[in-house]
Amino acid sequence: MLAVMGSVVMAATPLSASAAIDVSPLDCAGPQACRIVSVYAVVFWLAMFVLVVVGGLLVYAAIRFRRRDESEPAQIHGNSRLEVAWTIFPLLVLLVIFSLTFANIDYVRNGPPGPMTITVTGQQFAWTYKYPNGVVRGTLTIPAGQVVRLDVTSRDVLHSFWAPRLAGQIYAIPGQVNHGWLQADRPGIYYGQCNELCGINHAEMQVTVTVMDKASFDRWYAALKT
Amino acid sequence: MATAEIALPLRRPMPLAGVVEWLTTTDHKKIGVLYLYTTFVFFLIGGIFALLMRTQLALPNNDVLSHRLYNEILTLHGTTMIFLWIIPVFSGFGNYFVPLMIGARDMAFPRINAFSYWLIPLAGATMYSGLFLKTGSAACGWTCYTPLSEKPFAPGLGQDLWILGIHILGISSIMGAINFLVTIQNMRAPGMTWFRLPLFVWAVEVTQALVLLASPFLAGVLAMVLMDRQIGTHFVGTGSDPLLYQFIFWFYSHPAVYIMILPAFGIVSEIIPVFSRKPIFGYRAMAFSMAAIGVLGFMVFAHHMFTTGLPLALQEFFMTTTMLIAVPSGVKVLNWLATLWGGSIKYTTAMLFAVAFVLMFLVGGVDGVFMASLAVDYQLHATYWVVSHIHYVLFGGSVFGVFAGLFYWFPKMTGRYLDESLGKLQFWLQLVGFNVTFMPMHFLGLLGMPRRISVWGHRPDWELWNLVATIGAFIIATAVLLFIVNFLISIRGGRRAPADPWQGNTLEWATTSPPQPYNFETVPQVRSARPMRELRKAQV
């Protein structure tokens, strides 16, 4: 499914687009991001269906009914049945999207409980990550295959914490803690960046998530000192 | 030499009489024309800002603009296009055509009308003046969220000037709204009932009601920011809840999206029936759907805040209303389609723009539904997907609607046609350029590119689409230049247009082109929603 959708986006993308610095939310690498992709996929095909049918009819009508002679066409003022039909039809399409979102949103937003909570703090123009043992680091390191809970906040202005391949974004707001979570399936390095304009160097406020296998992470964490 | 002097007339016209006439006019048509000229200049300025941004973003690690300057231009591009172009350009059309279409001789309050207009260039100048300060203009995006726009993070005066500019525009808008509402309420020709009102007038009515009800919220919240900055209060900045600003801001700014698109709905609903030679399909549904959009438009605003950590139940409520508002929009698209169906369509430039409007608005509606789904929005929020979405609605939609209106009504305003060959060339260039610019932004969003970044690098899969989008932006610029050339040629040398060049439906075509100062010699009696068609039939 993803391959088909991705093809729309990536078909014309240069082959040099290696996975190394890929930040596409469609190229999901964790259960939350992948759950979002599964919702996106349904919305995508419904949207394509509507676009092709309605857009197609529009283009057809625009070409088919060009003026051929000066006679006045039939003066039709409306058709209540048709109009009711095309009020209900979009409602049904939207109901599908609504139900699907509704069924998945608790998982995406709240997620399963996890053994470790890391406090993510945004400030102009860097992120810091505070581990349960009190150590603060400049990049996020997490174990693969395990839920990591995030408490996101800010020290100055608004920021938005976003590692697109792992999870949806979470706003960092001064004086408020937003709870979120992420999980990566496999070890690797995942990138992202602040997604809320936060000042002059906003574009350089990067997110780096290093994912280690569980054993390596445990060793790394045990050795972690202030 | 002496004889030559004697030959001169004794009473010369006052020097610069023409200029004084334009500076002091209270005629709704002249004020409408002033609005159109002024806002078009702002469109060009905003367009130059856009080209600068696209030039900066064309290549990775580009350094055409500094971070600081990019953020300022980003802010002024959005503010210009929204507040100084799209919203007031429709006030221009409204000023010129609402009185004509309802068979009135002027707006209800002509002098307030002139005052509303003259505030607009003042507001623009106030906002831009920040650019000439050492500390620069506002640089927080057109949304200017707190705390970024508060004193500690934006100490310069440019931020205050930006707020003052918006305040001045707010005064202009609110007075304009009262004027439009009173005019439509009280000055309709005999027989012009609510359900014989041209759909453009319906659109203006709903739009101006939104302006009247929503604008005070924006003015209020910006006054809070201003007080925080200037006298040390803590309404919406550090030490209070920064989300309060967003709630109030979007309570204005989401209805503002409809303020920007509804008048274009109205223009297109006038043009499509005329050139299809059919009545609009489902007149009442078209009017009611605009009213429904107006009401629902106030109930969707928190969908701009899905990622801010609002309680899930609240998010679900706003997801529901957001999806509901897609329904009347869908009804409109299908009714336009049904109007075309079985018609006898003549493709003037105005009609090309109107049909393209429907198609582009369809794309902009469909790609908006993605973000109504909370889960999808967590990923697409504030990415280039959003940039694409708003431009499909506000450029492919509203701006195409503006050009449709300009080609349609130019003969009425000047007595001359705009050149159709140049117009069609412009249309195709603009349609291609628009899609080349903004379709790739969908892809960039899906590739994880955030909006509002002043530079990007190390992202090989963003390279192609950024370059393509920039090329598209310059194609759009070429199309707009063609329009300017067309205008300059046609205003003096264009083909002469009769009073009713398109076989129109509405009353503006019943008077001369251009209309006399008092519009109508006798105010016509209205018996249907297409009074001009009846007048034409009666003459045959």
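## Report on a predicted two-chain model

Chain B has an average pLDDT of 95, and 98% of its residues score at least 70; pLDDT is the predictor's confidence in each residue, from 0 to 100. The model as a whole has an ipTM of 0.92 and a pTM of 0.94. This is a predicted model: local features need a pLDDT of at least 70, side-chain atom pairs count only at pLDDT 80 or more, and totals for chains, interfaces and linings use all residues. Residues are numbered from 1 along each chain as its sequence is written, while chains are lettered from A and ligands numbered from 1 in the order in which they are written.

**Contact between the chains**

Chain B and chain A each put 74 residues into their contact. Two residues are in contact if their C-beta atoms, placed from the backbone, lie within 7 Å. On the side of chain B that touches chain A, α10(B) gives the most, with 14 residues. Other helices that each supply at least two residues to this side include α4 (67-101) and α15 (460-493) of chain B. Helices (H or I, at least four residues) and strands (E, at least two) are DSSP runs, numbered from the N terminus.

**Domains of chain A**

Chain A is divided into domain 1 (21-66 + 78-109) and domain 2 (116-222), with bounds from an automatic or database domain assignment. Their C-alpha centres lie 31 Å apart. Each domain gives 14 residues to the contact between them. On the side of domain 1 that touches domain 2, the largest share, four residues, comes from helix α2 (residues 31-64) of chain A.

The table gives both contact sides by residue class. Ala, Val, Leu, Ile, Met, Phe, Trp, Tyr, Cys and Pro count as nonpolar, Asp, Glu, Lys and Arg as charged, and the others, Gly among them, as polar.

| Domain 1 of chain A, touching domain 2 of chain A | nine residues | three residues | two residues |

**A sheet in chain A**

Three strands of chain A form an open sheet of mixed pairing, in the order β4-β10-β9. Two strands pair if DSSP finds at least two bridges between them. β4 (140-143) and β9 (188-193) of chain A are the edge strands, each pairing on one side only. β9(A) and β10 (residues 206-212) of chain A run antiparallel and are joined by six bridges. In β10(A), V207(A) is the bridge partner of G192(A).
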